[in-house]
Amino acid sequence: MPPGPPRQVKDQRFGAFVAAVLAGFGLVVLGLLRLQVVQHDELTRLAEQNRVRLDVLRAPRGAIRDRFGRLLADNRPSFDVVFRPMPAESAARARAVLDGNWYAQVAALIVDDTSAVRRRVAEANRTGQTAVLRRNAPFAVMAGVEELRADLPGLDIQVVPLRSYPEGAAAAQMLGYAGQINDQELQAREDAGYRLGDLIGKTGIERRYEEMLRGEDGAEFVVVNAMGKRVSGLEGSPPRPPVPGHDVTLTVDLDVQRAMEEAMSGIARGAAVAMDPRDGSILGMVSRPQFDPNEFSSGISFARWRELSADGGNPLLNRAIQSAYPPGSTFKIVTMLAGLHAGLAGRNTHEPAACNGGYTFGGRRFKCWDARGHGSLDIVGALQFSCDVYFYQLGLQLGLDRLGEIARDLGLGARTGIDLPAEARGLVPDDAYYNRNFKAGHWPRGVLLNLSIGQGELLTTPLQLATMTSVVANGGRAVRPHVVKAVDGVPTFRIDRPLEAGLASTPEQWAVVHDAMKKVVDAGTATAVRIPGIGVAGKTGTAQNPHGNDHALFVCYAPTDHPTIALAIVAENSGHGGSVCAPIAAHVLRRVLLRDSLATAPPAPRVPADSTGAAGD
């Protein structure tokens with residue numbers, strides 16, 4: 001039998017074994033200490049995150065009302081089908097639950113593509129935020145979700161406020177619409193607290209007053225189970241309720257707006273503005289063609305968006321403030337005032353050349369709209385019958401500077417500053433403009449003839465024409481067009497004062513203009529707008545259009561003894577102002593100013609443009 005290891009060696013081996021065992025226990029103890037003591041707070045926080053979820057409580061946007069409190073935009077409850085991510089500790093279980101059958105059932109329930117559902121669920125699991133799978137779900141979809149929700153973990157129904165426009169397409173471009181925030185908007189406004197899925201004003205008042213209309217979202221911590229289903233609220237952490245946005249009251253009168261919508265219903269493309277000439281408040285604004293902003297609230301398809309934005313009619317464009325047109329003969333009011341203001345004409349002034357259907361200047365014959373000619377007229381008669389030859393001669397005497405100065409004093413050639421986004425500037429050309437487009441100092445004086453009758457390079461928006469008419473109606477006092485009257489909860493809200501000083505002419509000069517505009521309606525080119533018992537003063541216009549048929553225009557104010565409404569109407573490619581736009585104005589004024597059965601009378605029939613000279617401009 002061989003001899004065993006010496007006892008000393010055995011003792012050493014046993015000691016090493018014991019040391020290894022003790023070292024192992026030591027590591028276990030240290031690990032437990034690290035978990036229980038050193039990392040206790042961090043692990044507790046992670047555990048809380050696994051079972052506690054923060055739910056956002058959406059704040060409703062402020063309502064928009066007309067001047068008498070009637071609703072133009074509000075909110076109504078909407079039901080979204082959403083996916084809520086499961087706690088992180090259940091990730092493995094979630095992967096097992098969200099199988100192909102889950103995706104197929106959910107896609108069938110919400111009537112969407114399976115790949116789209118997968119994409120939104122993946123994003124929700126990556127970010128930990130609730131994903132909307134179907135906005136504004138109809139009852140049948142909600143019923144299906146409720147029936148199968150126990151078998152489809154993560155699926156839930158969320159109640160959110162949905163933007164609603166009870167008047168439909170009425171005043172759509174002025175109100176604008178609110179839609180989901182896009183990536184660019186989110187990047188720009190993330191610091192202001194915007195999140196994915198928020199509504200944001202895109203156009204119109206919704207956009208201009210976004211900061212006031214938008215409320216402050218609330219939040220609630222909820223305890224969820226392993227499948228992400230709410231178990232209860234978090235004890236000791238009461239929900240923070242959402243704060244609704246501020247309500248906004250407009251200067252708009254819904255009765256005026258409805259009358260304008262009716263009157264413009266037969267116009268394919270055009271715009272109309274009604275303004276209170278006493279203070280510049282907008283009473284109504286129509287742009288055609290229209291769209292229904294409710295379409296955007298529930299989510300619009302790409303095909304429908306392309307139809308709205310890429311179509312030649314472009315219903316999203318607010319033609320009242322964003323489209324600029326030659327003013328046509330409505331601009332003769334400017335030329336007339338400039339002539340009176342400069343002392344070049346008075347009530348009984350006749351120009352040297354009588355109208356024989358045209359005027360020769362620089363070897364070129366400039367036609368009058370009435371080829372038969374008007375003969376010799378004074379300035380009142382010239383406006384009454386819109387004689388081009390008279391205003392050709394007056395424009396030549398005035399020159400570019402004096403004509404442009406009066407035009408700008410009346411609110412043309414610059415943005416009015418209305419509290420709506422994307423207003424067009426328009427154009428009243430000056431020396432600098434022509435020097436850029438011709439050899440400096442050598443531009444032809446013939447441009448003055450075109451300008452004096454509202455043609456040539458002149459461009460005005462319907463809003464600017466309404467502003468011009470208001471300044472004329474109130475005797476030269478500048479007004480600042482605006483659509484918001486007050487913001488609830490913001491007592492400091494004020495409308496800015498007008499940027500311009502207005503036009504200081506004598507009472508006698510104003511009387512000549514007012515008398516002439518009244519004769520335009522009583523026995524001139526706008527007899528279609530005559531209303532028994534109501535004095536109306538106006539001016540027709542027909543603007544040549546190099547891209548198609550002439551545009552029809554008309555401006556007016558009423559009642560003539562104390563004007564409370566000024567109108568500017570443009571109908572694209574429709575012909576003559578006297579035969580197309582004057583009847584539209586008549587319909588609006590009857591509805592607004594008459595309180596008897598005549599107020600509901602059908603619009604006056606259009607006067608055939610070629611039947612009399614009176615309707616030709």
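I began with arginine 126, which counts as exposed at 61% relative accessibility (buried means under 20% relative accessible area, exposed over 50%, partly exposed in between, with a 1.4 Å probe and protein chains only). A note before going on: this is a predicted model, where local features need pLDDT of at least 70, side-chain atom pairs count only at pLDDT 80 or more, and totals for chains, interfaces and linings use all residues. Residues are numbered from 1 along each chain as its sequence is written, and side-chain values use heavy atoms, leaving out hydrogens and water.

Next I looked up the partner. Arginine 126 meets glutamate 123 in a salt bridge at 2.8 Å, N to O (a side-chain nitrogen of Lys or Arg within 4 Å of a carboxyl oxygen of Asp or Glu). Both sit in helix α5 (residues 114–127), three residues apart, so about one helical turn separates them (helices are DSSP runs of H or I, at least four residues, and strands are runs of E, at least two, numbered from the N terminus). Glutamate 123 is partly exposed, at 33%.

Then I turned to lysine 518 and aspartate 522, whose side chains form a salt bridge at 2.9 Å, N to O. They are four residues apart in helix α21 (residues 507–523), again about one helical turn. Lysine 518 is partly exposed at 29%, and aspartate 522 is partly exposed at 32%.

Last, I checked the wider picture. My search of the whole structure gave 35 salt bridges. I also found a network of salt bridges linking Arg53, Asp55, Arg84, Glu146, Arg149 and Asp156.
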